[in-house]
Amino acid sequence: MFITIEGPEGSGKSSVTKKVAERLEKEGYDIVFTREPGGTDISEQIRNIILDKSNTKMDPMTEAMLYAASRRQHLVEKVWPLSNAGKIVISDRYLDSSLAYQGGARGLGIDNILQLNNFATEGSFPDLTLLFDIDPRIGLKRIAANANREVNRLDLEKIEFHDSVRKTFLSLANRFKDRYVIIDASKPFDEVVEDTYIAIKNRLK
Ligand code: TYD
C-alpha cells in the first residue's frame with residue numbers, strides 16, 4: 001500500500017498525517033512515513049539543491065527533472081522495497097506535486113510532467129492520494145507563524161503561483177477520482193485528523 005499526501009504550502013498535511021500514523025500504529029498497522037523531495041541520502045542531497053534559496057537561476061525544466069530524479073531514487077531505495085515487504089508507505093508529497101507545481105504553476109504542462117514522471121516512476125501511481133485543500137493565503141500565514149518550518153525557494157513565489165498550485169491540485173483530484181480524496185484542511189486540527197483517519201481506514205478495508 002502506497003499512500004501520498006499532497007496540498008499547498010502550510011496545509012498542515014505533515015502534522016496531521018503523523019498523528020494519524022501514530023493512531024494506526026497503535027492498531028497494529030506497520031507504517032513507514034517518508035517525504036519528497038528527500039527520504040534517502042541521495043534524494044536529500046538533491047532536495048538541498050532544489051530548495052536552496054540562493055539558486056535563483058534554476059530553470060523550470062531543470063527543477064522538474066531534479067524532482068523526478070529525487071523521486072526515482074526514493075522509489076528504488078525506499079518505497080518499492082518497503083511496500084513489497086508489506087508495509088504501508090505514506091509519502092509527504094509525490095508525483096502530483098510535480099504535476100501541480102511544475103506542470104501547472106510553472107506552466108510546463110501537466111501532460112509533459114506526467115510523461116517525464118512516467119519514465120522516472122515506471123508508471124508507479126499511489127493507491128491513495130489525500131489532497132489537503134486550503135486557500136494558500138491561510139497556508140502561507142501558518143508557515144510564517146511556525147518557527148520550525150523554514151521558508152524555502154518555492155514558498156517565496158507570488159500568491160498567483162500558489163493559487164495556480166491549488167487550482168491544479170483540484171483539477172487533478174477530478175481527473176484521478178479513483179485514487180484521490182479531498183480533505184478540507186481549513187477545518188480545526190482535530191477534525192482534519194479525524195477526516196484523514198477515516199479516509200485511510202476506508203482504503204485499508
Ligand atoms: P517542503 O519543505 O517539504 O514543503 P511542504 O512542507 O510544503 O511539503 O518543500 C517541498 C517544496 O517542493 C514545496 O514547496 C513543494 C515543492 N515541490 C514541487 O514543486 N514539486 C515536487 O515534485 C515536489 C515533491 C515538491
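Predicted model: local features only at pLDDT ≥ 70, side-chain atom pairs only at ≥ 80, totals over all residues.

Student: What makes up the secondary structure of the protein chain?

Tutor: The protein chain has eight helices and five strands, and, read from the N terminus, these elements follow one another as β-α-β-α-α-β-α-α-β-α-α-β-α. A run counts as a helix with at least four residues and as a strand with at least two.

Student: How do you know whether the radius of gyration of the protein chain agrees with that of a compact globule?

Tutor: For 205 residues a compact globule would have a radius of gyration near 17 Å, and the protein chain has 16 Å, so the value agrees with the rule. Along the principal axes, the C-alpha atoms fill a box of roughly 50 × 35 × 35 Å. Of the contacts with a separation of 6 or more, 77% join residues 24 or more positions apart, where contact means heavy atoms within 4.5 Å.

Student: What share of the residues of the protein chain count as buried?

Tutor: Buried means under 20% relative accessible area, and 47% of the 205 residues count as buried. The accessible surface comes to about 10000 Å², with 52% of that area belonging to carbon and sulfur atoms.

Student: Why is helix α4 called mostly covered?

Tutor: Helix α4, residues 95-105, has eleven residues, and nine of them are buried, among them Leu95, Asp96, Leu99, Tyr101 and Gln102. The cover over the buried residues of α4 includes the strands β1, β4 and β5 as well as the helices α3, α5 and α7. After α4 comes Gly107, which has a positive phi near 80°.

Student: How do you know that the buried residues of α6 lie on the same side?

Tutor: In helix α6, which spans residues 136-145, Pro136, Gly139 and Ile143 are buried. These residues cover an arc of only 60° around the axis, which puts them on the same side of α6. An α-helix has 3.6 residues a turn, so residues three or four places apart point the same way. Helix α7, residues 159-175, is included in what covers the buried residues of α6.

Student: Which exposed residues does the face of α6 turned away from its buried side carry?

Tutor: That face of α6 carries Lys141, Ala144 and Ala145, and exposed here means over 50% relative accessible area.

Key: Residues numbered from 1 in each chain as written. Heavy atoms only, no water. Rg over C-alpha atoms; globule rule 2.2 N^0.38 Å. Buried < 20%, exposed > 50% of the residue type's maximum accessible area, 1.4 Å probe, protein only. Areas by Shrake-Rupley, 256 points an atom, 1.4 Å probe, with all protein chains shown as cover. Arc of directions from axis to C-beta.
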